[in-house]
Amino acid sequence: MIQLENITKVFQTKNNVTNALDDVSLHVKKGSIYGVIGYSGAGKSTLVRMVNLLEKPTSGKVYVDGKELTTLSTQKLNQVRRKIGMIFQSFNLLTTATVYQNIAIPLKLTGVSQKEIHNRVLKYLKVVGLEDKHDAYPSQLSGGQKQRVAIARALSHEPEVLLCDEATSALDPETTESILSLLEQINREFGITILLITHEMHVVQKICNEVAVMENGRIIEKGDVLGIFSKPKSATAKRFIKSIFHDEIPEQMVEDLKDKGQIVTLSFVGESSGKPVLARISKQFDVFPSILTGNITQLKDQPLGRLVVHLEGKAYETAKAVLFLQQEGIHVEGYVPEVKLSV
Amino acid sequence: MFERISEFTDQWGIDIWNALLETFQMVSISLLLSVLIGLPLGVLLVLTRPGKAFENKFLFNLLNTLINIIRSIPFIILLFFILPFTKLIVGTTIGVKGVIVPLVVFTAPYIARLMESALLEVDKGVIEAYEAMGIKTRHIIWHVLVRESRPSIVLGLTIATIGLIGATAMAGLVGAGGLGDLAYRYGHLRYEVDVMYVTVFILIILVQGLQTFGNVLSARLKKN
């Protein structure tokens, strides 16, 4: 649905040149929810603005629904933009207009008939649960309600794609949850493809099917959410995942334990989470596993568990135990091989 | 007491009334024309500045400089300075007709500046949201930029109108009349101090009323 090919964006100011995006390619499938995560300054805002060409790429191509956008005339681009909804961190509503007008005015300006405007405003205010707020002004609404109005405004153009630029970053945790649920519902009911950018891993965890991790204008890792969560490769991805599990072990403890065996992080996905593997390694090998911390969390479609385990035992026995765990479909992180196993 | 008042009214009532009408006439006509020129200029100043939709360094600098130059000239000097221009435009340099041109030349750049600062207050995120919805730039100018800055525009126009009333006081110099002229000619030159007091009083009421009206209207347009 959305395809970015080798996008580069260079910002040139008097004194320096910034590569905001450096050869970025991304493919968002129709009907999926795709998350782009990164710290501030990673280039994610620029990336999402490429999709509707609010920022023009220095080089590269942008396809939405098979159409290449960078070569379109202003008029054609405006036509395409109407099918690409967008919501923002700061909501961006007209402060001098009521909720009703905030949705109706853009529709009027894009040539929708008066009767149709009325129908759509009512329909989408109902979808976002604000049917009793027609005549309120944005200043009378809470942050979550403002974002709901912005979502209704985007939906009222009946788009095929919805871009979310840090849409929940200005909201409190509870409101964030409700907005995320709403986005998921929109994705399910209207089949709208969603591309969202965020710096909160939690957002990705809750609603995304796929995720890309950005750093310094590049995508350093991408794939389905489960894969990235259970087997992160880059340091940045690992850090984001730590922010969800909070399974940092106190340094003093690490010092005390490391002489007696290794500390490893085990990720359990799907069926592997049901097996009593730790009990089995202690029985089959000369290894004593002790759980330091553990956590289980719900991704969009399935649970994901993480255990930080201390494996007390000889190097050879530990190596065999780790191999066994891997064969059972568990991702083992943090293991440093000390001996070679002859299989 | 009452006798004095009715005597005063009999003697000066008509003159004051006519002067008031002349002031209204001058202010309303030149305000209208100044807005018609100043608002688009203000929009242009905002849109052509670096980083905005129609970035155009040359046009922006030209407008900027031109507006500064005109705004440096006191009205009384401008009035005489542009006499040939006035003559060219309306065919005369005297009377209400003759004073409208310098009043507009004086006020339009001022309004352009006021509009500029009002329009710059509009949150650029909202503009971006409208661009993202595929809305034409001219619609964005009117329905977002101007609409959202209406409270500030109203306050700006209030200030401009009051300035304009002040400027019309000098219109008497080219025989256009008005309250200021009345106060000057009768009150100052002929020592009819009562006339001066009354006109000054009327001017105070006028300005107070305008400012209050502007404040109330602006507050009503503002929804936060």
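Tutor: Start with the sheet in chain A. Keep in mind that the model is predicted. The sheet is open and has 4 strands. Read across it, and the order is β12-β13-β11-β14 (chain A). The pairing is antiparallel.

Now the edges. These are β12 (287-298) and β14 (331-333) of chain A. Each of these strands pairs on one side only. Across the sheet, neighbouring strands are turned by 25° against each other on average, with direction ignored.

Look next at the pair formed by β12(A) and β13(A). Strand β13 covers residues 303-313 of chain A. It is joined to β12(A) by 11 bridges, and the two run antiparallel. For a landmark, find Val287(A). Opposite it, in β13(A), stands Gly313(A).

Last, a word on the contact between the chains. Chain B gives 20 residues to it, and chain A gives 20 residues. On the side of chain B that touches chain A, the elements giving two or more residues are α6 (124-132) and α7 (137-148) of chain B. The largest share of that side, 7 residues, comes from α6(B). By class, this side of chain B holds 8 nonpolar, 5 polar and 7 charged residues.

Notes
Residues numbered from 1 in each chain as written. Chains lettered and ligands numbered in written order. Predicted model: local features only at pLDDT ≥ 70, side-chain atom pairs only at ≥ 80, totals over all residues. Contact = placed C-beta atoms within 7 Å. Nonpolar A, V, L, I, M, F, W, Y, C, P; charged D, E, K, R; others polar. Pairing = 2+ DSSP bridges. Axes fitted to C-alpha atoms, helices over the stretch in contact; angles between N-to-C directions.
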